[in-house]
Amino acid sequence: MLHGLQHRWYCIMVRWSDRLLKESPRVGSVRSATDLGWRILLPSRLRQQALDSVSSIARDLCAGDNPVSSGIESIWDHSLGYGSAGIALFFHYLHLSETDPGAANWRDRFMSASTRAVARQRMPCDLYRGIAGVAWSWKHIHRNLSDEKTAAAWAEIDQTLQAWMQLRTTPAELFEGAGGLCLYLAESRGAQAEELLGLILSKLERDAQRFPAGVAFLMSPAMRRHWVSNFGQEPTNVWKISVAHGSVGCLGGLAAALTFDLCHERSVRLLKAGVEWVWSHQSNGLRAFPEMVGADLPSRTGGWCNGDLGIALVLCQIARRLNRADWLDRSLAIARSEAAVRIDSVEENNRDNYCLCHGHAGRGHIFNRLYQFTGEDCFVEAAIYWFEQCLALRTSGAGIGGFQLQEGFGREPKSTRGFLMGASGLGLALLAAATSVPPEWDRLLLASTS
């Protein structure tokens, strides 16, 4: 059933993609920093380095001599998180920055590759690996286009996602589950979006585990398999708090979808209960939150996907959505503490990692977003520090734009193209730091809910 709906949606999108490639007008326009309050972060000494790096990344991504790396990028090579849909997003913002006259053509080529891949391969439905992510990118890039054909396309995709959301095995988390689907809904606002949000809420209400302090959500089947492979036994009474695979990411996605009147009261009720559970596990130790609840594992410094910084960022956005000044104060206090962290405190295997997901670019962009919101010196200083660490990793002639992913644990450096783990995500973060174009793409990180 899912694949048939997938194919009909693809046929409509391909017709639109082909039309866009042939037409000269380009969607999107530059909006000034004065209009939206986005300030250039980097001082001149670093800004030119960042823009040079972005140009090199773009050049190498266009060259075609950087094959898709092994591992997850080769599996999901047309996805938002790891493949061509995320690369299209990079070229879209390069186009908006007006620093590369050919960026729009490459954006449309990579976006077309993703829409065509929907018919050629069976994709999962989630945001970062699958159909919802390709649809999110298309909608974000072509947001000003709407007619009966595109309306029909969104109706088809919504039917596919409704079927997926009714499966018992669909998890609550942001990365591969309902939380990410909320971000798709917030972006698409399709005719069936409110109905789909109602299904998501029903699922989350049904799956939520209730505690005196609030509610939490079970780990996904994928995370449980990961646990078994690492610890040799099925996890019981264990919950994750983190953004990518834990309760915070699911709650952040739900907060982003707080735009539908009929579901608003239910959403707020679930959000409040979920956030209270998270706060109930805050400690006064070196790390504000444990890596796991119910398991004695060391907390990681992490970045966006794991660790206190990503959690604080998302809790800050939820607090703003719900007008909770007390939650906002608490989350910003954690973020200020994280702003003092330097590279020697990061896990050794992660000290040479530039990526957006859990590397230097992710930390830099989070602090940039916090600086844009608060104007606080500690955040601008931390953002500049982490972008300096990023740029210091560049080696002329290596990888993509001079950058190779260093994952540690004895693994060889590799060239990666994607949004979460590769050069296109780094390029987006550098553009946000070096230009006045507001990075609306970072809704994918729950860094902004506007």
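This is a predicted model: local features need pLDDT of at least 70, side-chain atom pairs count only at pLDDT 80 or more; totals for chains, interfaces and linings use all residues.
Q: Is S448 buried or exposed?
A: The relative accessible area of S448 is 9%. Buried means under 20% relative accessible area, so S448, at 9%, is classed as buried.

Q: How many helices and strands does the protein chain have?
A: Buried residues make up 61% of the 450 residues in the protein chain. Its secondary structure comes to 18 helices and four strands.

Q: What share of the contacts in the protein chain with a separation of 6 or more comes from residues 24 or more positions apart?
A: Contact here means heavy atoms within 4.5 Å. Among the contacts in the protein chain with a separation of 6 or more, the share from residues 24 or more positions apart is 72%.

Q: Why is helix α9 (residues 178-188) described as largely enclosed by the rest of the structure?
A: The buried residues of α9 include A178, L181, L183 and Y184. E187 and S188 are also among the buried residues of this helix. Helix α9 is largely enclosed because its buried residues number 10 of 11.

Q: Which residue with a positive phi follows α9?
A: The phi of this residue is near 50°. The residue that follows α9 is R189.

Q: Which residues touch the most other members of the largest nonpolar core?
A: In soluble globular proteins, nonpolar side chains tend to be buried together. The largest nonpolar core here has 143 residues. Apart from it lies another core, of five residues, among them M219, M223, W227 and M292. In the core of 143 residues, those that touch the most other members are F90, Y184, W304 and L420.

Q: With which residues is Y184 in contact, leaving aside its neighbours within four places in sequence?
A: Y184 belongs to the buried residues of α9. With neighbours within four places in sequence left aside, the contacts of Y184 are L127, A132, A135, W136, W154, I157, D158 and L161.

Q: Where is C250 found, and is it buried or exposed?
A: C250 is placed in helix α12 (residues 247-256). Beyond its neighbours within four places in sequence, C250 is in contact with A172, E173, L174, G179, L204 and F217. G179 is itself one of the buried residues of α9. At 2% relative accessibility, C250 counts as buried.

Q: How far apart in space are C250 and P171, C-alpha to C-alpha?
A: In sequence, C250 and P171 are 79 residues apart. In space, their C-alpha to C-alpha distance is 9.5 Å.

Q: Which residues lie nearest the centre of the largest cavity?
A: The count comes to four cavities of 30 Å³ or more, and about 60 Å³ of space lies in the largest cavity. Its lining has four nonpolar, three polar and four charged residues. Of the 11 lining residues, those nearest the centre are F289, P290, E291, G307 and I311.

Q: What is the phi of E98, which is not a glycine?
A: E98 is in the loop between α5 (84-96) and α6 (103-120). At 66% relative accessibility, E98 counts as exposed. Its phi is positive, at about 60°.

Q: In which loop is N237 placed?
A: N237 is not a glycine, yet it has a positive phi of about 55°. At 57% relative accessibility, N237 counts as exposed. Its place is the loop between α11 (221-231) and β3 (239-240).

Q: How far apart in space are S202 and Q166, C-alpha to C-alpha?
A: S202 is found in helix α10 (residues 193-207), and at 29% relative accessibility S202 counts as partly exposed. S202 and Q166 are 36 residues apart in sequence. The C-alpha to C-alpha distance between S202 and Q166 is 9.6 Å.

Methods
Residues are numbered from 1 along each chain as its sequence is written. Side-chain values use heavy atoms; hydrogens and water are left out. Helices (H or I, at least four residues) and strands (E, at least two) are DSSP runs, numbered from the N terminus. Buried means under 20% relative accessible area, exposed over 50%, partly exposed in between (1.4 Å probe, protein chains only). A nonpolar core is a set of buried Ala, Val, Leu, Ile, Met, Phe, Trp, Tyr and Cys residues joined through side-chain atoms within 4.5 Å. On a 1 Å grid over the protein atoms alone, a cavity is a set of points where a 1.4 Å probe fits but cannot get out, and a pocket is an open set with protein on both sides within 12 Å along at least five of seven lines; lining residues have an atom within 4 Å of a point. Grid points are joined across faces, edges and corners, and a volume is the space filled by probe spheres set on the points. Ala, Val, Leu, Ile, Met, Phe, Trp, Tyr, Cys and Pro count as nonpolar, Asp, Glu, Lys and Arg as charged, and the others, Gly among them, as polar.
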